[in-house]
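Here is a short report on one protein model.

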Amino acid sequence: MDRRNDESAEDCDLCGRCILFVGGRGVQVAHLRRLVEARNGTLAYHDGGFEDGINRLGRMIAQADTVMFPVDCISHNAHDQIKKACRRTATPFVPVRSHGLGAFRQALDALPGAAAL
């Protein structure tokens, strides 16, 4: 992580919230987790139904404080399941413009209720 990312992390406190990220590329999960943990949060990950069962997604959403997913790298079925389950459980969901780390970082920093330090 470069200095710019460190400064961004210092400006945003997730106050222990759990972020569920659905979809994207599994190889990036460790990087996503570091970004969330640097902001005082935890990350849960579901691959959108490729290997993780789609039925498990609803249970994970119920345990998350916010659900995020990349609009360019998720199945239509997972997208629909996320929206339905989030509405049912009143869990906020945030579509992320792409599966890249920069887009994820921007979405994290813009989360409502993320405390500026």
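## The whole protein

Buried residues (under 20% relative accessible area with a 1.4 Å probe, protein chains only; exposed is over 50%, partly exposed in between) make up 44% of the 117 residues in the protein. The model is predicted: local features need pLDDT of at least 70, side-chain atom pairs count only at pLDDT 80 or more, and totals for chains, interfaces and linings use all residues. Residues are numbered from 1 along each chain as its sequence is written, and side-chain values use heavy atoms, without hydrogens and water.

There are five helices and four strands. These are DSSP runs, numbered from the N terminus: helices are H or I with at least four residues, strands are E with at least two. Their order along the sequence is α-β-α-β-α-β-α-β-α. Take contacts (heavy atoms within 4.5 Å) between residues at least 6 apart in sequence: 74% of them join residues at least 24 apart.

## Helix α4

Helix α4 covers residues 76-89, 14 residues in total. From first C-alpha to last, α4 reaches 20 Å, close to the 20 Å expected at 1.5 Å a residue. That expected span is 1.5 Å times one less than the number of residues. Just after α4, Ala-90 takes a positive phi of about 60°.

Which residues of α4 are buried? They are Ala-78, Ile-82, Ala-85 and Cys-86. Seen down the axis of α4, they fall within an arc of 100°, so they line one face of the helix. The arc is taken from the directions from the helix axis to the C-beta atoms. Their cover includes β1 (18-22), α3 (54-63), β3 (66-70) and β4 (93-96).

On the other side of α4, His-76, Lys-84, Arg-87 and Arg-88 are exposed.
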